Amino acid sequence: MLPGRGVRTKQLLMTDQPRKYAIIVDGDSLEEAVEETAHLLYLLLGRSLRAHRRDHTEECGFEEFALEALALLTKYRSAYSRELSVDASHTEV
Ligand SMILES: [Zn+2]
């Protein structure tokens, strides 16, 4: 889509104590911002799903949402990604 562009750095600041997440999406265009956001959402949803499975035993619909969203992000990854090799986190879940 945008050949020749360098790999942009992703800024994802997370600390465990206290639980606070600050996410900065860095993009020079709406398209890039969407791509970054999608990658970050994938990463956070995967982590959240694992935490949810560990901590939350009652069915609440979150797992179904997370799995469907992850599947959707995976299915359309080539549509919103400029490069396929950048984000190794997509093999994480
Ligand atoms: Zn639940």
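How many helices and strands are there in the protein chain? There are 3 helices and 2 strands. From the N terminus on, their order is β-β-α-α-α. Helices here are DSSP runs of H or I with at least four residues, strands are runs of E with at least two, and both are numbered from the N terminus.

This is a predicted model, in which local features need pLDDT of at least 70, side-chain atom pairs count only at pLDDT 80 or more, and totals for chains, interfaces and linings use all residues. Residues are numbered from 1 along each chain as its sequence is written.

**The chain as a whole**

Of the 93 residues of the protein chain, 5% count as buried. A residue is buried if 20 or more other C-beta atoms lie within 10 Å of its own, exposed if 12 or fewer, and partly exposed in between, with C-beta atoms placed from the backbone. Two residues are in contact if their C-beta atoms, placed from the backbone, lie within 7 Å. Take the contacts between residues at least 6 apart in sequence: 51% of them join residues at least 24 apart.

**Two helices side by side**

The expected span is 1.5 Å times one less than the number of residues.

| Helix | Residues | First to last C-alpha | Expected span |
|---|---|---|---|
| H1 | 26 residues | 36 Å | 38 Å |
| H2 | 14 residues | 20 Å | 20 Å |

H1 covers residues 30-55 and H2 covers residues 62-75. They pack at an angle of about 150°, and their axes are 10 Å apart. Axes are lines fitted to C-alpha atoms, for helices over the stretch in contact, and angles run from 0 to 180 degrees between N-to-C directions. H1 and H2 are therefore roughly antiparallel to each other. That term is for angles over 145 degrees; under 35 counts as roughly parallel, 65 to 115 as roughly perpendicular and the rest as oblique. The crossing of H1 and H2 is left-handed. A crossing is left-handed if the near helix is turned anticlockwise from the far one by less than a right angle, and right-handed if clockwise.

Which residues meet? On the H1 side they include Ala-38, Leu-41, Tyr-42, Leu-45 and Leu-49. On the H2 side they include Phe-62, Ala-66, Leu-70 and Leu-73. The residues of this contact divide into 10 nonpolar, 3 polar and 2 charged. Ala, Val, Leu, Ile, Met, Phe, Trp, Tyr, Cys and Pro count as nonpolar, Asp, Glu, Lys and Arg as charged, and the others, Gly among them, as polar.

**Buried and open places**

In H1, Glu-35, Glu-36, His-39 and Tyr-42 are buried. Their cover includes H2 and helix H3 (77-80). In H2, the number of buried residues is 0, so H2 lies largely in the open.

Glu-35 lies in H1. It counts as buried, with 24 C-beta neighbours inside 10 Å. Leaving aside neighbours within four places in sequence, Glu-35 is in contact with Tyr-80, Ser-81 and Arg-82. Val-25 is 10 residues from Glu-35 in sequence and 9.4 Å away, C-alpha to C-alpha.

Leu-44 also lies in H1. Leu-44 is partly exposed, with 16 other C-beta atoms within 10 Å. From Leu-44 to Ala-66 is 22 residues in sequence and 9.9 Å in space, C-alpha to C-alpha.

Arg-77 belongs to H3. Arg-77 is partly exposed, with 16 other C-beta atoms within 10 Å. Its C-alpha atom is 8.6 Å from that of Ala-38, 39 residues apart along the chain.
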